Each structure stands twice: as structure tokens, then as C-alpha cells.
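Subject: Structure for you to look at

Dear colleague,

I am handing over the structure below, followed by some notes on what was found in it. Please read them with the model open beside you.

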Amino acid sequence: MSVPGFAATAASVIGGVILATLLGAAIGQTLLCLSLAALIAAAVLLVRVHRLGVAVENSRFIPDARYERLRLRSRRLSLQLRDLRNAAAALPDAAVLLDGEGRIRWFNHASEDLLGLRRPQDRGTLLIERLRESTLGPWLESGAEKPLNDVPAPNRPALRLGMVMMPFGHHQRLMLGRDISDLMRLEQVRQDFVANVSHELRTPLTVIHGYLELLDPEDQPELAPVIAEMRVQSERMGQIVEDLLMLSRLETHQPLQEEHVAMRPLLATLRKEALALSHGRHHIELQERTDTDLYGSVRELHSAFSNLVSNAVRYTPTQGRITLIWERTDEGARFTVEDTGYGIPANHLARLTERFYRVSSSRSRDTGGTGLGLSIVKHVLNRHQAQLHIESEPGHGSRFSCRFGSMRLLKPIRLDA
Ligand code: ADP
């Protein structure tokens with residue numbers, strides 16, 4: 001109890017005793033006076049003790065208990081934090097924590113092994129300065145917004161890394177680098193297998209196709225439907241093999257054979273191809289809204305664009321309209337194939353560029369499809385840093401656009417120059 005509190009209590013007790021004594025004296029009963037005085041004093045003390053208990057509860061003993069609870073909690077949290085740090089330090093993936101300015105705040109052991117970071121000297125340095133000359137330099141300089149796949153590890157060039165940069169907290173970032181060498185080796189085995197099988201199938205198919213051409217259905221009319229079907233199927237198989245070989249070539253990461261791609265003659269060829277495939281069943285229009293040319297591989301671009309044109313013809317019923325458009329955009333230029341065909345339900349759109357993915361297998365086969373066309377388109381566009389955009393409405397038609405950045409645009413070559 002505090003000194004003023006005690007003084008007040010004592011004063012109350014003495015006051016009570018005097019009051020009771022005076023009262024008792026007044027009525028002339030001393031014993032009763034003393035008992036009354038004792039009762040008043042006890043009552044005053046009880047009230048005081050109760051008040052003291054409440055005060056103590058509010059100010060002294062309970063905060064101590066809270067402090068103890070907080071202390072235990074903070075101990076538990078720092079243990080958890082230590083466990084988390086130990087786990088992150090032991091991760092096989094490189095993990096680097098960056099502050100708002102891009103300075104290295106923390107990194108784990110795998111970052112030393114894979115990225116070549118050194119402690120303590122690299123702590124606090126700018127990551128971009130530290131790794132500018134490494135294989136990650138261009139990616140970091142471009143802002144590292146998109147994940148980077150299959151890049152040699154700066155400190156272990158024989159290993160391949162998959163990199164990702166994730167923002168978190170208050171302008172902080174976490175850079176993760178995973179060793180994907182095994183995955184890339186498996187991918188290589190898959191690519192080689194497909195390329196070898198396709199290549200091996202090519203020769204026997206050419207022989208079968210050649211002999212089928214020699215067979216004249218008129219010599220054996222009863223076999224005519226069989227021969228016709230065998231020709232169709234051998235042609236289909238030949239097309240699948242050619243498409244697989246094309247995909248294998250695109251995947252080998254061979255440098256792009258870049259040249260000036262004159263768009264006017266290419267667009268004219270595409271229109272002719274569409275007319276030939278359509279056999280007059282569709283209304284086909286070419287809208288050349290710009291004379292801009294492209295910088296890239298004529299062969300690959302022709303293959304990609306003609307896949308889109310052939311799809312539009314194959315998936316648009318007779319009397320439908322097909323429009324080829326070449327135009328400038330804010331970002332660069334766009335080649336679009338629009339049709340008024342069957343359209344594609346929204347749930348299929350994301351998977352269309354997967355190999356052998358078809359919305360309707362029977363419709364694809366009946367029209368001579370291989371299921372590889374859009375996969376080829378995607379690969380070719382990737383190699384030209386371009387993107388494929390697909391919009392479609394079932395029953396109304398589809399729009400496939402190839403969007404090129406301005407760095408791929410060239411002024412047309414003037415023949416009189
Ligand atoms: P396919 O050889 O089967 O046409 P693609 O890879 O070219 O293979 O296309 C994949 C699938 O996307 C096709 O099977 C078809 O279902 C759908 N598709 C492609 N283009 C169109 C289009 N213009 N209209 C409707 N569906 C289309």
C-alpha cells in the first residue's frame with residue numbers, strides 16, 4: 001500500500017473510533033461504544049483492502065504476468081524464426097533476400113555454391129552490380145519480372161538453373177534459383193527421341209507412299225476405296241512426321257535464320273493457299289493495313305501463319321468468312337486470322353497450343369489435322385519474341401493474332417531504291 005493510502009486508512013479508522021466513542025458517550029454505554037468503534041474501523045479497513053486489491057490488479061502483479069507471457073511468446077517466435085532461417089539456409093535452391101534498393105540482405109549456402117555469392121563481403125552490395133557480368137546479368141538488368149528458365153549457373157556453368165524473382169513485404173524481393181539440370185536432361189532425351197523416331201519413320205513412309213501412288217485403282221476396281229483410304233492415311237502420317245520434325249527443329253534452340261521478311265509477297269502467298277484449301281467454299285479477304293516488314297525467319301513465319309490460315313479454312317463451314325489482317329499496333333504489328341467458324345469453348349483456349357490437344361478429335365482428323373499446328377505456331381512466335389492471342393466464341397468464330405514487338409519491324413525494301 002502507498003504512504004498516502006495508509007495515512008487515509010489510519011485517519012478513517014481514528015475518525016471512526018472518535019465518532020463511535022462520542023456517540024457511545026452520548027448514550028452512556030461505554031462497552032457498546034467500543035464495539036461500535038471497532039466495527040466501523042473494520043468496515044473502513046475492508047473497503048480499503050478491497051480498493052487496494054483492485055489497484056494492485058491494475059498496476060503491478062498482473063503486468064508482471066503479462067510480461068512473462070510476452071517473454072515466452074517472443075522466445076517461441078525467435079526459436080521458430082531460427083528454425084525457419086536454418087531451413088532456408090539448408091535449402092538446395094539458392095535463396096537471396098533483397099531490400100527495396102536491390103541490396104543483398106541475406107542469402108543461403110546454395111547461393112554461394114550456385115551463384116558464387118561470398119559472405120560476409122557480399123552482404124549489403126547491390127545484387128545487379130554483383131552479378132552483372134554473370135549469365136544472370138541480362139535478366140536482372142531487364143527487371144527480372146518473368147521467370148528465367150534453363151540458364152547456366154554463374155558459379156557452376158555445367159548446371160542449369162531456373163530463376164524466379166518474387167516481391168514481398170515492403171518493396172523487398174526474394175530471388176530463388178533452382179537447379180533444373182536433371183529436368184533439362186530428361187527434356188533433351190524426350191526431344192531426341194521424338195526427333196529420331198520421326199526421322200526413322202520418314203523413309204519407310206516415303207516408300208509406302210510411293211508404292212501407293214503406283215497402284216492404279218482402275219486396275220482393281222474392287223480395291224479402289226481401300227487404296228483411296230490408304231493414300232489418305234499415309235499422307236496424314238507423312239504430315240504428322242513432318243510436323244514433329246519441324247517441332248524438333250524449333251526446340252533445338254538453333255539460332256534463328258534471321259533475314260528481311262517481305263510481308264507483301266508472304267501475305268499474297270497465304271491468301272493463295274487459303275483459296276486453294278477452301279476450293280471456293282469460303283469468302284476470303286486480305287486486309288493489308290500497313291506496308292511494314294518483319295525481321296525473322298521467312299520459313300518459320302510462313303509455316304506459323306499458314307497453320308493459322310489452314311485452321312481457319314478447316315474449322316469454318318461453307319459460306320463462312322475468313323479475313324487475314326496485317327496492321328500496326330501501339331506495341332508493334334499484328335497478323336490476325338479471323339473466321340466465322342465453329343469457335344472454341346473458353347475452357348479449351350488455354351490448352352490449344354499443347355501438342356496433340358484437340359477440341360474435337362474427329363473434326364480435326366476429318367479435316368486432315370495433326371494436332372500439332374498451334375504448337376508449331378507458339379514455338380515460332382516465341383523464337384521471334386512474339387505472342388499468340390486467341391479469342392473465340394462458340395458458334396460465332398475465332399480470332400488468332402500474332403503480336404510482334406517494334407524491335408522486329410523493318411521498313412519495306414523499295415524496289416526503285
Ligand atoms: P489440328 O491439326 O487438330 O487443327 P492445331 O494444333 O492446329 O491442331 O489446333 C488445335 C485444335 O484447336 C484443333 O484441333 C481445333 O479443335 C482447335 N482450333 C484451331 N484453330 C481453330 C479455329 N480457327 N476454329 C476453331 N477451332 C480451332
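**Helix packing around α13**

D243, M246, L247, L250 and E251 of α8 are in contact with S375, I376, H379, V380 and R383 of α13, where contact means heavy atoms within 4.5 Å and helices are DSSP runs of H or I with at least four residues, numbered from the N terminus. By class, this contact of α8 with α13 has five nonpolar, two polar and three charged residues (Ala, Val, Leu, Ile, Met, Phe, Trp, Tyr, Cys and Pro count as nonpolar, Asp, Glu, Lys and Arg as charged, and the others, Gly among them, as polar).

Please bear in mind that this is a predicted model, in which local features need pLDDT of at least 70 and side-chain atom pairs count only at pLDDT 80 or more, while totals for chains, interfaces and linings use all residues. Residues are numbered from 1 along each chain as its sequence is written, and side-chain values use heavy atoms, with hydrogens and water left out.

The axes of α8 and α13 come within 10 Å and cross at roughly 25 degrees, the axes being lines fitted to C-alpha atoms, for helices over the stretch in contact, with angles running from 0 to 180 degrees between N-to-C directions. The two helices α8 and α13 are therefore roughly parallel, a term for angles under 35 degrees.

Helix α10, residues 298-314, also packs with α13, at an angle of about 145 degrees and with the axes 9 Å apart. Its contact residues include E300, L301 and S303 of α10 and G373, L374 and I376 of α13, and the contact of α10 with α13 divides into seven nonpolar, four polar and two charged residues.

Best wishes

Note on methods. Angles under 35 degrees count as roughly parallel, over 145 as roughly antiparallel, 65 to 115 as roughly perpendicular and the rest as oblique.
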